[in-house]
Amino acid sequence: MERESLEMDVVFVGAGPANLSGALHLARLVREYNEAIANGTRAGESLGEIEIGVIEKGASVGAHILSGAVMDPRALAELMPDYAEQGAPIETPVLEDEFLYLTKKRAIKSPITPPPLKNHGYHIVSQNRLTAWLGEKCEEAGVNIFPEFPGAEMLYDRDDRVIGVRTGDKGIDREGRQKANYEPGVDLFAKVTVLGEGARGSLTKQLSQRLNLNDGREPQVYSLGVKELWELPDDRFALGRVTHTLGYPSDTKTYGGGWIYGMPNRVISIGYVTGLDYGDPLLDPHAEFQRFKMHPFIARLLNGGKMIRYGAKTIAAGGLHAMPQLYADGVLLTGDCAGFLNSQRLKGIHTAIKSGMLAAETIFAALLAGDYSAGQLSRYERLVSESWITPELRSVRNFHAGFKGGRWLGMANAGLQFLTG
Ligand SMILES: Cc1cc2nc3c(=O)[nH]c(=O)nc-3n(C[C@H](O)[C@H](O)[C@H](O)COP(=O)(O)OP(=O)(O)OC[C@H]3O[C@@H](n4cnc5c(N)ncnc54)[C@H](O)[C@@H]3O)c2cc1C
């Protein structure tokens with residue numbers, strides 16, 4: 001059976017906040033430029049129609065994204081200043097912050113919320129609804145979205161320049177044999193391919209190894225976030241309340257913490273993060289979350305409620321020191337797969353959106369120059385270093401490493417880092 005191929009200008013791999021924002025911003029930059037050429041307010045030649053595609057391995061946009069997050073709206077406001085009027089699915093503004101220290105039996109409320117955990121004015125969002133909405137905005141802007149298209153392999157030319165991506169074959173049985181409905185994957189050729197696969201992306205790993213994008217960088221460190229949505233029987237957890245916890249069940253040597261976010265209709269997002277650099281070989285992050293839920297304070301909260309969704313996902317927590325080179329010939333990296341997450345605040349949606357926008361600005365300049373080489377695309381790293389992302393990530397660059405000596409040293413380090421910047 002012959003393999004199909006498709007020629008596009010730009011292919012984004014992964015329909016998360018990073019790449020959807022990138023695709024949307026790029027479509028808009030191209031449209032505005034072409035309109036300015038057409039009405040004579042700008043000199044030059046029209047770029048014509050630029051084909052932008054986004055491939056997503058999930059059955060639909062947002063299907064593989066975990067719900068219930070607190071979003072710093074800074075980047076979304078830059079992408080779409082009127083995002084509220086445009087129907088962005090904001091569940092509720094954050095109305096109340098709370099920080100609890102859990103001992104085995106008790107929950108002690110801190111009189112102050114540590115500044116990095118203050119979320120007042122931010123939004124609680126369902127991440128999969130937000131992503132699905134960004135996908136709709138992309139389609140309205142003329143971006144082609146291909147769900148159920150997992151990127152399986154990068155395509156290179158003879159000089160190791162990225163020239164696109166091959167999607168996975170369909171109709172393969174467990175033993176790897178072709179079934180009657182076998183269809184070979186499609187080769188999507190592009191001038192620029194943008195990887196926005198989220199943490200531990202498979203193509204990102206292949207690419208980084210082949211092109212040595214991690215040379216001279218610290219190795220990435222990971223945490224695992226286990227998250228559930230619960231429907232409570234009554235209003236016992238206030239809408240818009242954001243609670244963070246430290247302490248039980250993690251021991252003082254293990255990096256970990258919990259959260260509870262109050263969403264509409266008596267739904268809460270509850271979860272627990274465990275650093276995967278734990279020392280105890282018998283520790284299981286999923287079991288840690290179960291123990292968290294059995295703490296008397298949490299168990300009381302969940303009593304009589306119903307779990308309605310669950311999931312778990314890795315978090316790339318290494319920050320600035322662990323970021324790979326963000327570009328190579330014909331390719332850029334955005335969002336979590338490039339380590340843009342702020343692990344101190346457990347927030348990566350805003351940096352993912354911003355990284356996607358900066359990737360779009362880089363690609364737009366490359367389209368104008370007709371040059372997709374690493375030299376041209378290195379502009380992306382310059383834009384990142386000049387943007388607010390870099391000071392934000394620089395100020396927390398040692399956060400995770402600070403916990404190597406245990407919880408108390410980590411907290412002291414985090415405090416010092418906050419004071420010294
Ligand atoms: C438990 C947990 C809680 C979090 N809480 C918050 C929070 O409260 N606030 C906050 O700001 N951030 C939070 N984050 C971080 C936030 O989810 C990420 O920073 C953000 O989603 C990164 O966006 P992204 O677009 O880079 O990647 P993702 O959102 O991970 O999207 C990647 C997409 O690419 C698709 N994909 C991957 N590989 C391929 C492939 N090869 N081919 C095709 N498609 C592919 C995936 O299916 C997915 O749809 C949390 C993360 C976790 C794990």
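Reply: Start with the domains, whose bounds come from an automatic or database domain assignment. The model is predicted: local features need pLDDT of at least 70, and side-chain atom pairs count only at pLDDT 80 or more, while totals for chains, interfaces and linings use all residues. Residues are numbered from 1 along each chain as its sequence is written.

The protein chain has a domain 1 (5-66 + 131-219 + 320-387) and a domain 2 (102-124 + 221-317). Why is the ligand said to lie between them? Domain 1 and domain 2 both give residues to the shell around it, so the ligand lies between the two.

Now the shell itself. There are 40 residues around the ligand; a residue is near a molecule or strand if its C-beta atom, placed from the backbone, lies within 6 Å of it. G16, G198, G225, G335 and G348 come nearest. Several elements give two or more residues each: helix 1 (17-38), strand 4 (69-71), helix 4 (202-211), strand 16 (222-231), strand 20 (306-316) and helix 7 (349-369). Helices (H or I, at least four residues) and strands (E, at least two) are DSSP runs, numbered from the N terminus.

(Axes are lines fitted to C-alpha atoms, for helices over the stretch in contact; angles run from 0 to 180 degrees between N-to-C directions.) The crossing is right-handed, that is, the near helix is turned clockwise from the far one, whereas a left-handed one is turned anticlockwise by less than a right angle. From helix 1 come P17, A18, N19, S21, G22, H25, L26, L29 and V30. Facing them in helix 7 are residues including I349, A352, G356, I363 and F364. Contact is a matter of C-beta atoms, placed from the backbone, within 7 Å. This helix pair brings together 13 nonpolar and six polar residues, with no charged ones.

Next, the domains. Their C-alpha centres lie 32 Å apart. Across the boundary, 11 residues of domain 1 are in contact with 11 residues of domain 2. The domain 1 side has five nonpolar, three polar and three charged residues.

Turn to V11, in strand 2 (residues 10-13). V11 counts as buried because 29 C-beta neighbours lie inside 10 Å. (Buried takes 20 or more other C-beta atoms within 10 Å, exposed 12 or fewer, and partly exposed is in between; C-beta atoms are placed from the backbone.) Beyond its neighbours within four places in sequence, V11 touches G53, I55, G164, V165, L188, A190 and T193. V165 is 154 residues away along the chain, yet its C-alpha atom is 8.1 Å from that of V11.

Last, some backbone details. Most residues other than glycine have a negative phi, and most peptide bonds are trans. D160 has a positive phi of about 65 degrees. The residue sits in the loop between strand 10 (151-156) and strand 11 (162-167). With 12 C-beta neighbours inside 10 Å, D160 is exposed. N265 has a positive phi too, near 60 degrees, and is exposed, with 8 other C-beta atoms within 10 Å. Finally, a cis peptide bond joins Y248 and P249, with omega about 5 degrees. P249 is in the loop between strand 17 (241-247) and strand 18 (256-263).

Terms used: Two residues are in contact if their C-beta atoms, placed from the backbone, lie within 7 Å. Ala, Val, Leu, Ile, Met, Phe, Trp, Tyr, Cys and Pro count as nonpolar, Asp, Glu, Lys and Arg as charged, and the others, Gly among them, as polar.
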